[in-house]
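Subject: Handover of a structure and notes on it

Dear colleague,

Please find the structure below, followed by my notes on what was found in it. I would be grateful if you could read the two together.

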Amino acid sequence: MYPDSFAYERAESVEEALALLDEHAGAEVELLAGGHSLLPTMKSGLASPDVLIDINSIDAMQGITDEGDGLSLGALTRYADVDRSAAVWEDATAFAEATHHIGDVQVRNRGTVGGNIAHSDPASDLPAALLACGGTVVAQGPDGEREIPAEDFFEGMYATALDEDELLTRIELPRTGDGSVGAYAKKPSPSSGYAMVGVAAVLDTDGDAIESARIAANGVMDHGVRLRPVEDALAGEPLDRDTIEAAAGRAADDLDDVMMMSDLQASSEFRAQLVQVYAKRALLGAAERAGAPAPAASD
Amino acid sequence: MSIETKESEEIDIEGILGSAVERREDPALITGEADYTDDIQRPNMAHMAVLRSQYGHAAVEGIDTSGAEAMDGVLGVFTAADLDVPGEVPVGWLLPSLKTPPHPLLAEDRVRYQGDGVAIVVAEERYIARDALDAIEVDYERLDAVVDPREAVQADAPTLHDSLAEGPAEDPPEAEGESEESGANVAFDWEIGDGDATDEAFAEAAHTVEVDLENQRLIPNAMEPRATVAEYKPGTEEVDVHMTSQNPHLHRLLMSGVLGVPEHKLHINAPEVGGGFGSKIHHYPDEALATWAAMELERPVKWQATRTETYLTDAHGRDHVTHAELAMDSAGTITGMRVKTYAGMGAYLSTFAPSVPTYLYGTLLSGQYDVPAIHCNVVGAFTNGAPVDAYRGAGRPEALYVVERLITLGAREIGMDPAAFRRQNFVPSDDFPHETPVAVVYDSGDYEPALDKALEMVDYDALRERQEELREEGRYLGIGFSSYIEACGLAPSELAGQLGAQAGLWESGLVRVHPSGSVTAFCGTSGHGQGHETTYAQIVSDELGIPYEDIEIVEGDTDEIPQGMGTYGSRSAAVGGSALSTSASKVVEKARRIAAHQLEAAPADIEFEAGEFSVAGAPERSMAIQEVAQASYLAHDIPEDMEPGLEETSFYDPENFVFPFGTHVAVVEVDPESGEIDFERYVAVDDVGNQINPKIVEGQIHGGIAQGVGQALYEGAEYDDNGTLLTGSMQDYAVPKAEHIPEMEIDNTVTPSPHNPLGVKGVGEAGTIAAPQAVVNAVTDALQPFGVDHIDMPITEEKVWRAVNDAGGS
């Protein structure tokens, strides 16, 4: 077969999915959502699960709902639905913009938010966006539901805090204040389209000054990471270009260069440079949304 | 800017040649109606898969096929030991002192590149065949590998072919002590030009410049991977092969020798072929293996390459490491050029591989310039990579990259504007035909108008002013020129033979007018996306005065077409088109005699215009060519000494190459901080001689530039030190996407070729040849404030950033 043969199961509800996970405990099991990361690895022989559990029919995991204090994105929400959601663009601009930059139209029509987050691909666009937006991952397991802050969720390359018997059911994005702006700036690989570097920035401002900032990067380390030196350099400072440039210059300060991603397309040294450039672009993009002076044309 | 197409019905027959007629092949192609090789199904068809070495270099100590043979649905597993074939993968171009190592269809005791075939499985289903590959156990003993052509020819490099290690080549090159390389991996050591005169030019030069550059290894990426469907008919001993071929007749000739099937029993048909860029010219092992398997098992056998196999085994392109120098006098006039190149051949010699870095490379080093003395030495090296052969441009992009990089550096050294420096050194328009010091004679050319037009299009003076202004603001605009030349329609056959080609380079064309007056025309070229069905019909319609819609074009089938040399090297219009034009004019001459006979006039008094024969001075006495066709087949009343029928065949052997040319200008902005390169303009002025169909010319230029920009900025095959391909899929090898390609502004000049009946030159490779150096020259021009003179392709963001940093910083 091409790919290797596997058993196919379809879950119609979260409970059914959990029961199937339990039933196949011990076997190599993969959950099939959009399939855009999974199926290519199966076709190329890199993955050959014994069992695929198709979760696409679970109604409870679909769609975007306004919860009052924030937005809830069902894990099976397609990228295209996020990109088309005025609410996500309004409340979690960096997340919407990151989603907008994933793949192409076909990928965005099929790929899911939950699948992306659960996969924790270091070059994916959503982990940094979720970190910058202060999002929470909600997982359901045999013992019920638990909430995992984005901060604690991404643990490494394709490694997360999710247990094998758990299902990622939704993403929660907190409601932001009027002065909150965000942006995502991405350097895509010319071959794969994945992020060589992608930076998400969320600034809470009072119009003239930055009250607090959350900045995170994809593609640089083995999983999405916060760029705290940048955040620290911004907090309490005036919202202007000089502040942003100085802060962005610290983007690589806390990143361990030995552990930094390095491949044919960009060495770790160059990624350390790119993360500064793209931090600046993300911050300038956010600042522009706050009505700050338009950045210079070269950016 | 883009040219509007027209439907043929909107065009008068007098205007059909040169009009932008809509491509007639597209409706079938874009609706899925067209049949590609993998669409072909046969009753009882089996499927072949090839087990390939995962190592770049290893000894094969043993192969255990028993596990695979035991699998349900497996019909046979075969290794080199099972193949009882008389031939090996052939080399179709020989050079003096060329070493041609054995190249069996399957590796015998050694694999020499990742992808080298080790065994085949034939099974009832495609998936079973692929699964069975995993059940074959090969005992490999890993060997040291070498992937860099310059390292490969050093004496201490791992030897690929032990049979070549004993003693020097039989016919050593004449260059005395020119090369220090003595390793067993030297495939050839070739030179062209006058070494002494060139050395003298450099000794006397007021200025010299030099550059070390690489023309990186590229992977072709035709949209359709290679495929074969082979059938054997035991009753008649006929073998029918459908395959992805750019030249079915050549494949028939070569495969006939490899498998020992007489040529008249071997039928090769290229159905629709989804691109080739050269990769489907060559004779690979796989198509012959599928054919052998069909004969062995007496069942139809299909083999369809995966994209992975395409990356591993389609002949790659380029792979040059070069040191080049230019000599000038004090006034900035070029006096000499010296080039030393190490060319990677990969693990074996592919079909036309030896010609690519030699006769298709060294002969183009004069470019558009009057260079009194040139010397070029090329050392071909066996390396643990996929074989390298012709890839869109084939030798000529490598040459023009060297020339145009040197010219740009020369202008900088002299302190002249690069456009003015080019103009000063162009071959003057009154010096054609122009003989270069590297063995070719340019048929026609007029280089200044193309440069002038390009300068006007970019508004050059204003652009230079803006460049200065932007530099004041810390922004880096760059303007890059590429004044290129191309040589297409390699010819004549006699010359090709003297240069080592094991084939003639003519083309055949058969024009058959049917009794009803419609036409089928057959040509030995084999289109795979070029639009020959449209352009050839335009040529025949124009010559015969028969409506375009009444003409059908047939290519790609050895049973239908007299003979053929195929489609590559931008040869189809110049050689194939000329063959059809010549045949059509012979048809007109025969028809003229029939018309004269029926109209009771002397043939000399018969005029022919727009499909109508008439008696001079008595236009009412006339016959349409369709009526003549009918008369020719009725044969009731034709000249006594004439045979019935109305069809003619030509074997057209051109008297020379054709030499298209042009100037491309790239305008880019480079951000030293991120290394990013943004195109501001891309202007292309090409002179491809007369144009049969300007829309198709435009499409070829677009595609060529896209591929050239791909080489300049994105593409590059990378092997690690073990010979493992690191860029083995589109995930890692950046084939440019639409968003990576600049908007192209295209114009042309027209300087017809004087020696073919159509005055055409060829356009298939022009953009690919022109674009890389236009982009590289633009990027290095932008980085002049940092003192960056050269960056090797592909110019990634990281290379820009490093170049700026190494030069002292952003």
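The crossing of H11(A) and H12(A) is right-handed, where right-handed means that the near helix is turned clockwise from the far one by less than a right angle, and left-handed that it is turned anticlockwise. This is a predicted model, in which local features need pLDDT of at least 70 and side-chain atom pairs count only at pLDDT 80 or more, while totals for chains, interfaces and linings use all residues. Residues are numbered from 1 along each chain as its sequence is written, and chains are lettered from A and ligands numbered from 1 in the order in which they are written.

Helix H11 of chain A covers residues 241-248, and its axis comes within 8 Å of that of H12(A), at a crossing angle of roughly 150 degrees. Axes here are lines fitted to C-alpha atoms, for helices over the stretch in contact, with angles from 0 to 180 degrees between N-to-C directions. H11(A) is therefore roughly antiparallel to H12(A), a term used for angles over 145 degrees. On the H11(A) side, A:Ile244, A:Glu245, A:Ala247 and A:Ala248 take part; they meet residues of H12(A) that include A:Gln276, A:Lys280 and A:Leu284. Contact requires C-beta atoms, placed from the backbone, within 7 Å. The residues of this contact divide into 7 nonpolar, 1 polar and 2 charged (nonpolar: Ala, Val, Leu, Ile, Met, Phe, Trp, Tyr, Cys and Pro; charged: Asp, Glu, Lys and Arg; polar: the others, Gly among them).

H12(A), residues 268-289, is also among the elements that cover the buried residues of H19(B), together with S26, S27 and H18 of chain B. Those buried residues are B:Glu797, B:Glu798, B:Val800, B:Trp801, B:Ala803 and B:Val804; buried means that 20 or more other C-beta atoms lie within 10 Å of the residue's own. After H19(B) comes B:Gly808, with a positive phi near 115 degrees.

As to the chains as a whole, chain A has 12 helices and 14 strands, and chain B has 19 helices and 28 strands. Both kinds of element are DSSP runs numbered from the N terminus: helices are H or I, at least four residues, and strands E, at least two. The C-alpha trace of chain A spans about 55 × 45 × 30 Å along its principal axes, and that of chain B about 85 × 75 × 50 Å. Of the 299 residues of chain A, 47% count as buried; of the 810 of chain B, 57% do.

Yours sincerely

Key. A residue is buried if 20 or more other C-beta atoms lie within 10 Å of its own, exposed if 12 or fewer, and partly exposed in between; C-beta atoms are placed from the backbone. Two residues are in contact if their C-beta atoms, placed from the backbone, lie within 7 Å. Angles under 35 degrees count as roughly parallel, over 145 as roughly antiparallel, 65 to 115 as roughly perpendicular and the rest as oblique.
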